[in-house]
Amino acid sequence: MKQGRIQSMLDPGSAAAALIHELGIWLYAGSGLVLVLVVALALYGAFSAPRKVAEKAWIVGGGIVFPAIVLAALLVYAIHVGHALSGPPARAADIEVVGKRWWWEVRYATGGGHAVLANELRIPVGKPLEIALSTDDVIHSFWVPALAGKVDMIPGRTNRIVVEAREPGIYRGQCAEFCGAQHAWMAFYVVALPEEEFRAWLARQAAPAAEPADAFLLRGRDAFLREACAACHTIRGTAAAGTLGPDLTHVGGRLSIGAGVLGSGAAALAAWIADPQHLKPGNLMPETKTLTGEDLRALASYLESLK
Amino acid sequence: MKKEHLPNSLPRPPDEFEALKRAWARPKGWRFFTAVNNTTIGMLYVGTALLFFVLAGILALIMRTQLAVPNNDLVGYQTYNQLFTMHGTIMMFLFAVPVIEALGVYLLPGMIAARDLPFPRLGAYAYWAYAIGGLIFFGTLFFNAAPDGGWFMYPPLTGSEYTPSNSADWWLLGIGFIEISAIAGAIELIVGILRTRAPGMSLGKMPIYAWAMLVVGGMIVFGFPPVILATLLMELERAFDWPFFIAAKGGDPVLWQHLFWLFGHPEVYIIFLPAAGMVSMMLPVMCRTPIVGYRWVVGALVGVGVLSFGLWAHHMFTTGMPHLSATLFSAASMAVAIPTGIQIFAWIATLWRGKMQREGPSWFLLAFIGVFTLGGLTGIMLAVVPFNWQVHDTHFVVAHLHYVLIGGMVFPLFAALYYWAPLVSGRKLSEAMARWGCGLMFVGLNVAFFPMHITGMLGMPRRVHTYAEGLGWEDLNMVSTVGAYVFAAGVLVVLADLALHLRLGGKVDANVWGAGTLEWLPLDSYGSRSIPQVRGRDPLWDHPALAREVDSGQHYLPGTATGGRETIVTSPIDARAQYLLVVPGPSWLPLIAGAGTAAFFLLLTVKMVAAAIIGGMVALAAMLKWMWQTDRGVTHPPVDIGGGITLPVYASGPVSHSWWAMVVLMVVDATVFASLVFSYCYLGTNAADTWPPAGVNLPGLAWPAAAALAWLASSALFGLARRRLDSPAVFRAALLAAIALMLAAFGTDLYGQWQAGLRADDHAYGAIVYTVLAWQGFHVAVLFVMAAYTLARSWCGLLDATRRVTFDNTRLFWHYMAGQGIAGIVLVHALPRWLG
């Protein structure tokens, strides 16, 4: 998948990120000026002829008054921005995200229960959503730089973040708190959709998986149910109801496999199923040795068909 | 007392100088390992710290090579996670803190014209524990057994559930001896600076570096205790399942973060302030003018030291803390810019007023000002809460901290190597290599770390062993890697210069920079031949003949008065001579005790408990043996040190240097206890349900009341013993009864909880209550040894109404512990009743 700068705080995709970006520009410019000033003064002093200095003027003026004024102004600005970004929790969370080693479980509250998916959030453009953040194991940190600052997921607590996007698009996020072996591969995507598309998508997510459309896909589903897959994974609408691994009900519609390790598609799914420990050592999924090549292709195709 | 004028130009007795040299002779051959003198230990210490700098630097180069291209598989995640954990841990604990203490050990006595530090064996012990323990700790990398949870070791990742191997224990126990070593060093430096300055060197005339080290000593005393407690709690959790940080059992992983950063942020200034102090020494000399604003700079050092304890939570802005708290920490963090700004402008004004010599140290100092300023500015950015939410835990922070630490500490350190190397070998290092070294380091640092600001803003988190392609990070990472190698080349040039041009000399008489402070007097193992009367801040500038006068023995103590090693103890503020301290000479005991301490911690890590206990006993025995040789009493009548001053050779009570060391140690102890009280209150106030949890019964009030009374009585008995030092039978009976009461107090408190059914591994409540008890129990054991030792001295006739420092120290600690015992009882028994 073509990515580009979709994980960048310098390319804000939301009002919140834009506010921080604007604050950042002031910081970069102001710091640059101070740096140039200090270095120029030091170099001039170092290489020019000795001269008398007024001790008080240098120390009180340069060391106290100057930083005090600049920092007081900065603090007021920072408080203003911080206040704007940390309003009180408006309502019950729209989405729950649970950090796990090393993937993200995402649950939407829908009218008829939960839509559960992994490593991917979709949000309606222009509508701020409240997300509840928690963890199943160690500390993680939820961060989509283009949309908002990061918030940690800490055992025993539930933190909150508000995420909103100004325009349709794909944004990438990544765990920012070191969480062990595969911390580097704990990414996710946030897809911003127009409101109607979002509703339609959510309705599909809430629905059970489609029945296999042909014999080959049926063979794939049989393989899924026959092998150990169902012990850890759920596919709503089938007998598979495991909870250790990601819910796969609509896995075929997702942008990546393995929380950023692979892209989407049947080939990626097959590669992952064949040897997940090679692609992402230490994750909970064992390699599948008992599948024939044909069964593996059928299984991958079946999963790919679950849009 | 008759007044004599210094210098005293009468000829010196012919054998006086020979006797001085004999007393301070450096041990030869194998006996080199018995050396305790500050210059020998200081050199070893600096050398070992630089070795760790190189080792940790090599780890960094491997990491940079791994990150040069995306999806790289040069090293796997297992190795990478060990690499960054060890890089951070070693740089902070085995390089930065030791090297600043090492330079202090080497430089301070010369600067304040003491012949040695007041506790040379303690200094040697601290060094050996560090060197042996540190090298073994590093060795775990070769067995793929090194810690891999980050130098910040956040639980629950580092708890036994997610790190079942003992790699985390290596970190916890490995850090244990570094903590001991740092505390020992701090006591040595504080007492040395406050009590062994040359006569006349009042606080207002003290070199700024001594001020910086005094502040840093104080910061170690208050800053290390939280991490001592934190490592203790985590090890208890890992070894015995006491759940301090496990949310499901009433613990809270954020408690670790508070304790760690309560230490961790002052730690940064513990590293930076000595460097700033060195800059304030070197820059004026290189510019041939006194520093502009001495008083302002001293005030700024103290200000940074104090403020640094109020900023820790700016490492925790993303934990979901209320915006108001975050704002307070943000403002405090920004406030540090003011004392730092004072220093920077004082340095710039000094550059303006003087004429900078274009030589080795100057280049590193100029590089320091530029690099450190940028690091400080990105630090202010990080203190801005909303901005921090974005860049926290990204490569932006990696860039920031390296600008601050390399800029603020490594460049001044390298300037110091060039500036003070002539103290060792009598001549300057190579100017050409200084320029190449500094140039490569400056360019390399900026090429390596400046791009990381941007990589971080483009979304690259820290501590990732690799990264996906296509996110715009590839080129920046490649540039950073190239820069890292350029920086390493610069370091190599400087180290090569040291290897080629640094020669250990005997006596050195080479004030090569024309400096004004006393470390540039002609020096040998005994320090300066005689100890000058100090009249100004830059004695060698104020009085150019001073070096010759001192070197021909015309000032105080031109020889050895008792035939042994001596230094003058002066009053802490105005430096009036008070008594002559006879300092111990070479001994195997510090090495044995250091090796025993390292063995204790390291063997405990690999669960070889019996062997560990043997190591601990060896260490304890060696320490007791060396202590037995101290507190010698009045061995000599008062001695004439010249200038009309006659000094006693023994002192007790608040005049004694030993009393000061004991008080500093008790402050450390009280700060650990305060951290424990903080932890108890934190867990109690953040508890999800009631405190104590449902189903837990507090013992009846009779238990704590009896325990508190026993503590009071025990303490009172020591008060009685103090008045009956002259009647050994009563004295010994009082001590024996005090021991019995202390054991009764502790036993009552402990049994009270046990019989009420409390267990340490059920819930964080039980865990923290038993930790308060365990902390008391540890002290009861220490006090038991101290009291037995004091009794033994009494039985051997080594203790009486005059020769009483041993008893005074035990008594001080006893009273303190009675207070701590009662405070613990109030905390554990009254607070929950009050909260409930």
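This is a predicted model: local features need pLDDT of at least 70, side-chain atom pairs count only at pLDDT 80 or more; totals for chains, interfaces and linings use all residues.

Q: How many residues of chain B are in contact with chain A?

A: The size of an interface is often given as the accessible area lost when the parts come together. Here we can count residues: 66 of chain B are in contact with 69 of chain A. On the chain B side, H10(B) supplies the largest share, 12 residues. That side divides into 40 nonpolar, 21 polar and five charged residues.

Q: Where does helix H7 of chain B bend?

A: An α-helix has 3.6 residues a turn, so residues three or four places apart point the same way. H7(B) covers residues 253-287 and reaches 51 Å from its first C-alpha to its last, close to the 51 Å expected. The bend, about 30°, comes at B:Trp261. Of the 35 residues in H7(B), 34 are buried. After the helix comes B:Arg288, with a positive phi near 60°.

Q: What is the strand order in the open sheet of chain A?

A: Strands of a sheet pair through backbone hydrogen bonds, either parallel or antiparallel. In this sheet of three strands the order is E4-E10-E9, with mixed pairing. E4(A) and E9(A) each have a single partner strand, so one side of each is left without a neighbour in the sheet. The twist from one strand to the next averages 25°. E4(A) pairs with E10(A) in the parallel sense over five bridges, and A:Pro124 stands opposite A:Leu193.

Q: Which helix lies across E4 and E10 of chain A?

A: That is helix H3 of chain A, residues 195-206, which runs at about 135° to E4(A).

Definitions and conventions:
Residues are numbered from 1 along each chain as its sequence is written. Chains are lettered from A and ligands numbered from 1 in the order in which they are written. Helices (H or I, at least four residues) and strands (E, at least two) are DSSP runs, numbered from the N terminus. The expected span of a helix is 1.5 Å times one less than its number of residues. The bend at a residue is the angle between axes fitted to the seven residues ending there and the seven starting there. A residue is buried if 20 or more other C-beta atoms lie within 10 Å of its own, exposed if 12 or fewer, and partly exposed in between; C-beta atoms are placed from the backbone. Two residues are in contact if their C-beta atoms, placed from the backbone, lie within 7 Å. Ala, Val, Leu, Ile, Met, Phe, Trp, Tyr, Cys and Pro count as nonpolar, Asp, Glu, Lys and Arg as charged, and the others, Gly among them, as polar. Two strands pair if DSSP finds at least two bridges between them. Axes are lines fitted to C-alpha atoms, for helices over the stretch in contact, and angles run from 0 to 180 degrees between N-to-C directions.
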